[in-house]
Amino acid sequence: MKKIYTGKTKDVFQLDNGHYMLAFKDTVTGENGVFDPGANTVGLEIDGIGVQNLKMSRFFFDLLQEKGIKTHYVNIDAEKGTMEVLPAVNFGKGLEVICRLKAVGSFIRRYGDYISAGAPLDFYVEMTLKNDEKGDPLITKDGLTALGIMTEEQYESIKKQTQEITRIVAEEFSKKGLELYDIKFEFGYSKDLNQVILIDEIASGNMRVYKDGRYVDPVTLCKIFLDEQ
């Protein structure tokens, strides 16, 4: 394997078969030791969270596969903390896609004059450019197309897939008495499949989930969802 990228929460290796291997770390984003899925820095290290998140990712990727939704997922070795994936081209220098069901986090910080915390949002989708120095700036569909980062058709495909996948994730959490407030995804273009597909992971470090109106931290979320209490 050849290491090609070192990230905050994972490293990426190129495999001899043309696929890639993602090696997950026990780190989550946040600030001052407090978890925040929208933060641009590593906030804290949680022992075992990498493996737990891979188990959660495996569950959701298998479920999406059953429903006919294409992703970059090939297989996961949770015990080794690795996931084999298909190659995919990032949009621009990287793009994050957030789907919001309740107003919380940066949404409230930006728009709190117009909405109260916890107010419902109808699968609201927003996109940000991955840029730590600039604080991952928001960008519109017009901005993405004007800059040549993606086409209008690709934007609409990402938005539709984001809402569809978020509904699936939210439904599974509701079976455990959990409520999904928001979730962050990444998408890329697969030349092999000739379409836009979900990439990265579906894990506790990329979402906010509540139970009985109280926030559930990533470790507890994994335990509840994976029935490992």
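# A friendly first look at this predicted model

At 13% relative accessibility, Val12 counts as buried. That residue is a handy starting point for a tour of this structure, which is a predicted model.

**Starting out: Val12**

- Val12 sits in strand β2, which covers residues 10–14.
- Apart from residues up to four places away in sequence, Val12 touches Lys2, Lys3, Ile4, Tyr5, Tyr20, Met21 and Leu22.
- For a sense of scale, take Val12 and Ile108: they are 96 residues apart along the chain, and 33 Å separates their C-alpha atoms.

**Helix α1 beside helix α5**

- Helix α1 spans residues 49–66 and helix α5 spans residues 218–225; their axes come within 10 Å and cross at roughly 45 degrees.
- An angle like this makes α1 oblique to α5.
- The crossing of these two helices, α1 and α5, is left-handed.
- On the α1 side, the contact is made by Ile49, Gln52, Asn53, Met56, Phe59 and Phe60, while α5 brings Pro218, Val219, Leu221, Cys222 and Phe225.
- Sorted by class, the contact of α1 with α5 has nine nonpolar residues, two polar ones and no charged ones.

**Helix α1 beside helix α4**

- Helix α1 also packs with helix α4 (residues 152–174), at an angle of about 120 degrees and with the axes 11 Å apart.
- Here too the geometry makes α1 oblique, this time to α4.
- The crossing of α1 and α4 is right-handed, whereas that of α1 and α5 is left-handed.
- The contact is made by Met56, Phe59, Phe60, Leu63 and Leu64 of α1, together with Ile165, Ile168, Val169, Glu172 and Phe173 of α4.
- By class, the contact of α1 with α4 has nine nonpolar, no polar and one charged residues.

**Inside the nonpolar core**

- The largest nonpolar core has 52 residues, and the members that touch the most others are Met83, Phe173, Leu180, Phe187, Ile202 and Met207.

**Two residues with positive phi**

- Asn194 has a positive phi of about 60 degrees although it is not a glycine.
- Asn194 lies in the loop between β13 (179–190) and β14 (195–199), and at 56% relative accessibility it counts as exposed.
- Asp200 likewise is not a glycine and has a positive phi, near 70 degrees.
- The loop that holds Asp200 runs between β14 and β15 (207–211), and at 12% relative accessibility Asp200 counts as buried.
- Setting aside neighbours within four places in sequence, Asp200 is in contact with Lys10, Leu22, Phe61, His72, Met83, Glu186 and Asn206.
- Among those partners, Met83 is one of the core members that touch the most others.
- Asp200 and Thr128 are 72 residues apart along the chain, with 16 Å between their C-alpha atoms.

- Glu126 belongs to strand β11 (residues 120–129) and counts as buried, at 5% relative accessibility.
- Beyond its neighbours within four places in sequence, Glu126 is in contact with Glu96, Val97, Ile98, Arg100, Phe107, Arg110 and Leu138.
- From Glu126 to Gly68 is 58 residues in sequence and 24 Å in space, C-alpha to C-alpha.
- Asp47 is found in the loop between β6 (42–45) and α1; at 75% relative accessibility, this residue counts as exposed.
- Asp47 and Lys223 are 176 residues apart in sequence, yet 13 Å apart in space, C-alpha to C-alpha.

Terms used
Residues numbered from 1 in each chain as written. Predicted model: local features only at pLDDT ≥ 70, side-chain atom pairs only at ≥ 80, totals over all residues. Heavy atoms only, no water. Axes fitted to C-alpha atoms, helices over the stretch in contact; angles between N-to-C directions. Helix = DSSP H or I, 4+ residues; strand = E, 2+ residues; numbered from the N terminus. Parallel < 35°, antiparallel > 145°, perpendicular 65-115°, else oblique. Left-handed = near helix turned anticlockwise from the far one by under 90°. Contact = heavy atoms within 4.5 Å. Nonpolar A, V, L, I, M, F, W, Y, C, P; charged D, E, K, R; others polar. Core = buried A, V, L, I, M, F, W, Y, C linked by side-chain atoms within 4.5 Å. Buried < 20%, exposed > 50% of the residue type's maximum accessible area, 1.4 Å probe, protein only.
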